[in-house]
Amino acid sequence: MSDYMVRGTAVNGELRFFAAITTETAEFAREAHNLSPIATAALGRLLTAGTMMGPMMKNDDDVLTIKIDCEGPIKGLTVTADSKGNVRGYVKNPDVFLPATPEGKLNVADALDLGVLSVIRDEGLKEPYVGQTILETSEIAEDLTYYFANSEQTPSSVALGVLMNRENTVRKAGGFIIQVMPGFSDETAAALEERLSKIPSVTTMLDEGLMPEDIMNRLLEGMDPVFTDKIPVGFRCTCSREHTADMLRALSKEELREIVDEGKDIEVKCNFCGKAYNFTVAELQEML
Ligand SMILES: [Zn+2]
């Protein structure tokens, strides 16, 4: 079953929700970047958020960037997403290893430690929208909850989960975002809180084999969830040989001259997907 996200509303539009299964997306990222289990969990969570937050944008060309700069050993994470379910991303240190938490879980919080979460939305306007929040728990889902509350004034519940197999491949990944819409009633807020306190963690539900629709139906039981969209999602990079050549051409003459004078073919790797592009000295010479 390929990855996808669903969205919809509940309680006559007082709530809106997004839910995604992203197992293949997280596994693709793990393989492309040779990520340690903690790095897989951290990037998998942020990519899952990207698959749901990308489609919150209106236009086809809009680009969302979610960036975490942090002091922990993972050093930083970057994810970009479009409005059509395409995401890509990387971590600064893919080799981070830490002992498990006392509960036996991957210690994402200590891998990130203190830091700042930035959400940048380029919607084709003169200036992109930038919202920032300090990491509160460094578990990513809670940090995004704080981001939505503080920067977008939208009370939200964000859950993100990545579950690993014993041999360190991704077993399940996914999550959901539920938001209350302007004009929501106190009863709706209270009912949602009640439902949230009663359901198992998103990783438990994913491990039970629940799909995004099942998770939302379970969570929003009695709140009339209506599904409006189902969008295929996946890890897709926009890099190309031409783009990479353009980047090289954008270097200063001196920098390019230095590379040519070294007399060696070069390999340029895409940060986002790890794909390598090779350029010969002759090609570099031509760029000069
Ligand atoms: Zn790429």
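**Ground rules**

I noted that this is a predicted model, where local features need pLDDT of at least 70, side-chain atom pairs count only at pLDDT 80 or more, and totals for chains, interfaces and linings use all residues. I count residues from 1 along each chain as its sequence is written. My helices (H or I, at least four residues) and strands (E, at least two) are DSSP runs, numbered from the N terminus. I call two strands paired if DSSP finds at least two bridges between them.

**Around β6**

I followed β6 on both sides. Six bridges join β6 to β7, and the two run antiparallel. Their hairpin has six residues between the strands, and there G124 takes a positive phi near 80 degrees. I68 stands opposite L117 in β6.

I then stopped at R121, which sits in strand β6 (residues 115–122). For burial I use C-beta atoms placed from the backbone: a residue is buried if 20 or more others lie within 10 Å of its own, exposed if 12 or fewer, and partly exposed in between. R121 counts as partly exposed because it has 19 C-beta neighbours inside 10 Å. For contacts I ask that two C-beta atoms, placed from the backbone, lie within 7 Å. Leaving aside residues up to four places away in sequence, R121 touches M57, D62, L64, P128 and Y129. The C-alpha atoms of R121 and L64 are separated by 4.6 Å, although the two are 57 residues apart along the chain.

Is β5 largely enclosed or open? I found it largely enclosed by the rest of the structure, because six of its six residues are buried. N86, R88 and Y90 point one way from β5, while V87, G89 and V91 point the other way. I reminded myself that side chains in a regular strand alternate between the two faces of the sheet.

Strand β4 (residues 76–81) is joined to β5 by five bridges, antiparallel, and T78 stands opposite Y90. The hairpin of β4 and β5 has four residues between the strands, with G85 in the turn at a positive phi of about 95 degrees. I also found a parallel pairing of β5 with strand β11 (residues 234–235), over two bridges. There, N86 has G234 as its bridge partner.

**The five-stranded sheet**

Next I traced an open sheet in the order β8-β9-β2-β1-β10, with antiparallel pairing. β8 (156–164) and β10 (226–232) stand at the edges with a single partner strand each, so one side of each is left without a neighbour in the sheet. Neighbouring strands are turned by 10 degrees against each other on average, direction ignored. (My axes are lines fitted to C-alpha atoms, for helices over the stretch in contact, with angles from 0 to 180 degrees between N-to-C directions.)

β8 and strand β9 (residues 170–180) pair over nine bridges, and M164 stands opposite V170 in β9. α1 packs on the sheet by touching β2 (15–21), β8 and β9, and its direction makes about 125 degrees with that of β9. Helix α5 (residues 186–198) lies across β2, β8 and β9, at about 165 degrees to β9.

**Core**

My core is a set of buried Ala, Val, Leu, Ile, Met, Phe, Trp, Tyr and Cys residues joined through C-beta atoms within 7 Å. The largest nonpolar core has 72 residues, and those with the most contacts inside it are F17, A19, A42, L43, L46, I74 and F176. Helix α2 (residues 37–53) gives the most to this core, with 10 residues.

**Two positive phi values**

I compared N34 and S138, neither of them a glycine. Phi of N34 is near 50 degrees, and N34 lies in the loop between α1 and α2. S138 has a phi of about 60 degrees and lies in the loop between β7 (129–134) and α4 (141–151). N34 is exposed, with 11 other C-beta atoms within 10 Å; S138 is buried, with 23.

**Domains**

Last, I checked the domain assignment, which is automatic or from a database: domain 1 (4–235) and domain 2 (241–287). Their C-alpha centres lie 35 Å apart. The contact takes five residues from domain 1 and four residues from domain 2.
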